[in-house]
Amino acid sequence: MGTPSAAGLAERLARVRAKPLPRHVALIMDGNGRWAARRGLPRMEGHRAGVRAAERLVRFVAEERLVPCLSFFAFSTENWNRPQEEVESLFQLLETFLRERAEEYVDRGVRLHVLGGRERLPPSLQEAIARVEERTRNGTVLQLAVGINFGGRWSIVEGVRRALALGAEGQLSPAELDEARFSTLLPTAGLPDPDLVVRTGDEKRISNFFLWEAAYAELHFTPTLWPDFDEEAFLGAIEDFQGRVRRFGRVSP
Ligand code: IPE
Ligand code: IPE
Ligand code: MG
């Protein structure tokens with residue numbers, strides 16, 4: 001089987017566009033290590049191929065203006081438990097990605113947000129994050145959130161911390177705190193809640209990604225390893241989403 005023709009992709013795109021599209025697709029990029037192992041390559045080669053897959057997908061989604069928000073889970077609060085060399089190489093790879101893509105994202109109207117605790121990251125990575133966020137802040141075509149040292153539980157605790165701080169200043173009372181207000185205190189405030197969470201790499205779990213935000217997301221799990229997740233696979237995930245009945249607790253019509 002060769003790659004499907006451009007005409008095939010265009011036809012599929014047109015069909016997908018005719019139905020409601022998600023506003024935010026969250027991607028748990030898993031399977032880089034296995035992708036490399038299957039080729040007899042070091043794990044880092046899998047991560048490098050994973051970055052290339054993410055870059056290609058961002059380009060596709062921005063060019064086609066398919067969805068207004070994408071998020072990528074790049075490094076979880078639990079990933080610190082990996083060997084130190086892998087952690088360091090991953091940060092190096094992410095820093096290179098942020099520095100190399102900044103100009104392209106400014107040109108494409110992609111606004112980049114990094115989600116996660118920054119204080120523990122290498123200073124040069126913190127600096128690259130601040131720079132790319134500043135440079136891309138006027139982008140309106142695609143909101144691109146990248147989780148680096150991100151965890152769903154960390155994010156909720158951050159929200160609680162901000163609520164407590166406001167409370168201490170007398171700016172928020174317990175009665176004023178509801179779900180909508182709390183959402184504005186989370187690190188993800190301003191991004192739409194994900195309508196679709198995709199996990200590659202054959203595991204069927206959330207691994208502490210968006211816990212609050214994905215409360216009503218549709219979940220798409222695929223055995224495809226992240227470096228192989230291409231435009232067709234992304235459209236496949238959207239087609240799966242479009243086949244779901246989103247009841248939000250109501251009864252079916
Ligand atoms: C996902 O790929 C990337 C990160 C979590 C950084 P993995 O590195 O988890 O790949 P597998 O699961 O070992 O194949
Ligand atoms: C999930 O992948 C985290 C990211 C993609 C950043 P992991 O490979 O770390 O997840 P587990 O260990 O299988 O749950
Ligand atoms: Mg994994």
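Here is a chat about the two ligand sites and a few single residues in this predicted model.

Q: Let's start with ligand 2. Which residues surround it?
A: The model is a predicted one, to be clear. Around ligand 2 you find Ile-28, Met-29, Asp-30, Phe-73, Ala-74, Phe-75, Ser-76, Asn-79, Arg-82, Arg-199, Arg-205 and Ser-207.

Q: How does that shell divide into nonpolar, polar and charged?
A: The shell around ligand 2 has five nonpolar, three polar and four charged residues.

Q: And which strand gives the most to the shell?
A: That's strand 2, residues 69-76, which gives four residues to the shell around ligand 2.

Q: What about polar side-chain atoms, how far is Ser-207 from an oxygen atom of ligand 2?
A: Ser-207 has a polar side-chain atom 2.6 Å from an oxygen atom of ligand 2. For Arg-205, a polar side-chain atom lies 2.8 Å from an oxygen atom of the ligand. With Asp-30, the distance from a polar side-chain atom to a ligand 2 oxygen is 3.1 Å.

Q: How much of ligand 2 does the protein bury?
A: The protein buries 78% of the 390 Å² that ligand 2 exposes when taken alone.

Q: Where does ligand 2 sit?
A: In the largest pocket.

Q: OK, and where does ligand 1 sit?
A: Ligand 1 sits in the largest pocket.

Q: Which residues are around ligand 1?
A: Its shell is made of Met-29, Asp-30, Gly-31, Asn-32, Gly-33, Arg-34, Arg-43, His-47, Ala-74, Asn-79, Arg-82 and Leu-90.

Q: How does the ligand 1 shell divide?
A: It has three nonpolar, five polar and four charged residues.

Q: Which helices supply at least two residues of that shell?
A: Helix 2 (32-38) and helix 3 (43-64) each do. The largest share of the shell around ligand 1 comes from helix 2, with three residues.

Q: What is 2.7 Å from an oxygen atom of ligand 1?
A: An N or O atom in the side chain of Arg-34. Arg-43 also has a side-chain N or O atom placed 2.8 Å from an oxygen atom of ligand 1. Gly-33 takes part through its backbone, where a polar atom is 2.9 Å from a ligand 1 oxygen.

Q: And how much of ligand 1 does the protein cover?
A: On its own ligand 1 has 380 Å² of accessible area, and the protein covers 85% of that.

Q: Switching to the protein itself. Where is Asp-195?
A: Asp-195 is in the loop between helix 7 (179-185) and strand 5 (196-199).

Q: Is that one buried or exposed, and why?
A: Asp-195 counts as buried because its relative accessible area is 15%, and the cut-off for buried is under 20%.

Q: Which side chain does Asp-195 make a polar contact with?
A: The side chain of Arg-246, at 3.2 Å.

Q: Where is Arg-65 found?
A: In the loop between helix 3 and strand 2. Arg-65 counts as exposed, with 55% relative accessibility.

Q: What about phi of Phe-248?
A: For Phe-248, phi is near 50°, also a positive value in a non-glycine residue. Phe-248 lies in the segment after helix 8 (231-242). Its relative accessible area is 40%, so Phe-248 is partly exposed.

Q: Where does Leu-177 lie?
A: Leu-177 lies in the loop between helix 6 (152-168) and helix 7. At 35% relative accessibility, Leu-177 is partly exposed.

Q: How far apart are Leu-177 and Val-160?
A: They are 17 residues apart in sequence and 10 Å apart in space, C-alpha to C-alpha.

Q: Last one, Ala-102: buried or exposed?
A: Ala-102 is buried, at 5% relative accessibility. It lies in helix 4, residues 84-108.

Q: How far is Ala-102 from Thr-77?
A: Their C-alpha atoms are separated by 25 Å, and the two are 25 residues apart along the chain.

Note on methods: Residues numbered from 1 in each chain as written. Chains lettered and ligands numbered in written order. Predicted model: local features only at pLDDT ≥ 70, side-chain atom pairs only at ≥ 80, totals over all residues. Heavy atoms only, no water. Near = heavy atom within 4 Å. Polar contact = N/O pair within 3.5 Å; in protein donor to acceptor, adjacent residues only side chain to side chain. Areas by Shrake-Rupley, 256 points an atom, 1.4 Å probe, with all protein chains shown as cover. 1 Å grid on protein atoms, 1.4 Å probe; cavity = no way out; pocket = protein on both sides within 12 Å on 5 of 7 lines; lining within 4 Å. Sits in = over half its atoms within 2 Å of the grid points. Nonpolar A, V, L, I, M, F, W, Y, C, P; charged D, E, K, R; others polar. Buried < 20%, exposed > 50% of the residue type's maximum accessible area, 1.4 Å probe, protein only.
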